[in-house]
Amino acid sequence: APLPAPDPDGVGDALKRTLAAGAPGAMTRVDDGRTTLSRTAGVSDTATGAGMDTDGRFRIGSVTKTFSTVVLMQLVAEGAVDPDAPVERYLPGVLPDTRITVRHLLSHRSGLWDYSNDMFARTVPGFEAVRDRVFTVRELIDLATAHPATAVPGTTYQYSNTNFVVIGALIEKVTGRTVREEYERRIIDPLDLRNTAYVHPETSISGKRIRGYLTPDEAGAPLVDSTEQTVSWAQSAGAVISSPGDLDRFMSALLGGRLVRADLLERMLEMTPSDGSGVRFYGLGLRRRDLSCGIPVYGHTGTVQGYYTYSFTTRDGRRSVTSVANTSNNGTANTVLGDTLEAAFCGKRAT
Ligand SMILES: CC1(C)S[C@@H]2[C@H](NC(=O)CCCC[C@H](NC(=O)C[NH3+])C(=O)[O-])C(=O)N2[C@H]1C(=O)[O-]
């Protein structure tokens with residue numbers, strides 16, 4: 001059945017409500033292949049008052065995990081990696097449990113503790129402590145494995161950044177190239193994503209930049225400009241920089257079958273519930289959200305200090321939607337921003 005037309009007023013209303021919840025700015029870009037709908041609200045820079053811009057570049061956080069999964073699944077197609085092999089085969093001695101497989105990492109079922117839970121238990125102090133730090137992957141994995149496993153591998157979904165830091169290490173070991181080179185040669189260059197880059201550990205965002213503002217834990221405390229950071233705490237789990245237009249193009253290419261072999265894309269879409277909502281699921285480096293109008297959309301969300309992102313597309317990749325707010329650690333803003341997906345895919349206001 002044809003998709004309902006996007007509801008521009010519904011998108012605009014959700015963006016306004018995102019600002020009312022405390023975001024300095026918010027924006028949505030809908031790409032239907034031939035047509036583009038862009039809506040913005042508020043500012044990309046609170047000092048200058050510059051507006052939001054859907055060609056602006058920002059930190060995409062865990063949408064990076066889908067980039068890392070695409071690289072990994074291409075390596076699977078090339079016979080370089082067996083997703084059901086133990087990680088031990090490719091990274092001997094790195095993980096404490098040799099039962100953990102590559103697929104367990106991609107589906108957040110490894111049982112590896114998420115080191116960011118400790119790192120960001122206190123939002124602003126945690127951020128300030130790492131914003132200029134450069135971590136080795138080994139350091140991050142050691143932070144995680146200092147904790148006991150959260151479950152027997154393969155038995156339980158438990159989101160963990162650690163999984164995709166290990167995936168990045170596996171990609172670099174198997175290819176002999178950096179994840180930056182692999183993102184560029186397999187995704188960024190072929191799709192001509194001119195506003196997308198992996199610049200770890202540089203702290204600045206070049207070009208037309210959206211500034212990000214971290215919401216402190218203390219109610220009423222002023223937002224903290226968190227635009228410049230290394231994101232070394234996340235790397236292949238969260239350090240890509242992109243734009244709404246580029247993410248729409250990426251998600252459309254992925255679900256449109258232009259990045260991953262069809263049978264392997266089907267594996268990525270084998271979903272398990274990611275929470276108790278009954279409408280949110282996780283596959284391999286990809287989320288599924290079932291919208292109120294019954295349309296399932298596929299993509300990822302991202303939370304990195306100062307930025308919250310939704311980037312989703314239809315099963316055939318024909319309509320893609322990326323929405324961004326330039327604040328994070330604000331649950332109401334994050335939730336309300338999600339109403340843009342309902343308006344953009346279902347063509348009606350969220351119920
Ligand atoms: C599962 C998530 C939500 S968390 C995970 C990853 N982001 C992080 O792990 C950063 C967590 C701290 C970020 C910080 N919050 C705090 O410090 C809270 N004390 C803030 O909101 O800016 C990402 O991105 N993923 C999101 C995802 O996949 O949607």
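**Aromatic pairs, sheet and helices**

Modeller: There are eight aromatic pairs in the structure, and bear in mind that this is a predicted model.

Biologist: How are phenylalanine 58 and tyrosine 307 arranged as a pair?
Modeller: They are tilted, with 6.3 Å from centre to centre and 40° between the planes. Phenylalanine 58 belongs to strand β3 and tyrosine 307 to strand β12, so this pair ties together parts 249 residues apart in sequence.

Biologist: Are phenylalanine 58 and tyrosine 307 buried or exposed?
Modeller: Both phenylalanine 58 and tyrosine 307 are buried.

Biologist: And why is the pair of tyrosine 159 and tyrosine 282 called edge-to-face?
Modeller: The planes of tyrosine 159 and tyrosine 282 stand at 85°, with ring centres 6.2 Å apart, so the pair counts as edge-to-face; the angle has to be over 60 degrees for that. Tyrosine 159 sits in the loop between α6 and α7, while tyrosine 282 is in strand β9, 123 residues apart. Tyrosine 282 is buried, at a relative accessible area of 0%.

Biologist: Which residues form an aromatic cluster?
Modeller: Phe67, Tyr183, Tyr198 and Phe250 make up one. Phe250 is also among the buried residues of helix α9.

Biologist: Okay, α9 then. How many of its residues are buried?
Modeller: Eleven of the twelve, so α9 is largely enclosed by the rest of the structure. The buried ones include Pro244, Asp246, Met251 and Leu255. From first C-alpha to last, α9 (residues 244–255) reaches 17 Å, close to the expected 16 Å.

Biologist: What follows α9?
Modeller: Glycine 257 does, and its phi is positive, near 80°.

Biologist: Switching topic: what is the strand order in the open sheet of eight strands?
Modeller: The order is β2-β1-β13-β12-β11-β10-β9-β8, and the pairing is antiparallel. β2 and β8 stand at the edges with a single partner strand each, so one side of each has no neighbour in the sheet.

Biologist: How many bridges join β10 and β11?
Modeller: Four bridges, with β10 covering residues 287–290 and β11 covering residues 296–304. One detail there is that arginine 289 has valine 297 in β11 as its bridge partner.

Biologist: Where does arginine 288 lie?
Modeller: Over the face of phenylalanine 281, at 4.2 Å from the ring centre.

Biologist: Last one, which strands does helix α1 lie across?
Modeller: α1 (residues 8–20) lies across β1, β2 and β13, and runs at about 25° to β2.

Methods
Residues are numbered from 1 along each chain as its sequence is written. This is a predicted model: local features need pLDDT of at least 70, side-chain atom pairs count only at pLDDT 80 or more; totals for chains, interfaces and linings use all residues. Side-chain values use heavy atoms; hydrogens and water are left out. Two strands pair if DSSP finds at least two bridges between them. Helices (H or I, at least four residues) and strands (E, at least two) are DSSP runs, numbered from the N terminus. Contact means heavy atoms within 4.5 Å. Axes are lines fitted to C-alpha atoms, for helices over the stretch in contact, and angles run from 0 to 180 degrees between N-to-C directions. The expected span of a helix is 1.5 Å times one less than its number of residues. Buried means under 20% relative accessible area, exposed over 50%, partly exposed in between (1.4 Å probe, protein chains only). Rings of Phe, Tyr and Trp (its six-membered ring) pair if their centres lie within 6.5 Å; planes under 30 degrees apart count as stacked, over 60 as edge-to-face and the rest as tilted. A charge sits over a ring if NZ of Lys or CZ of Arg is within 6 Å of the ring centre and within 35 degrees of the ring normal.
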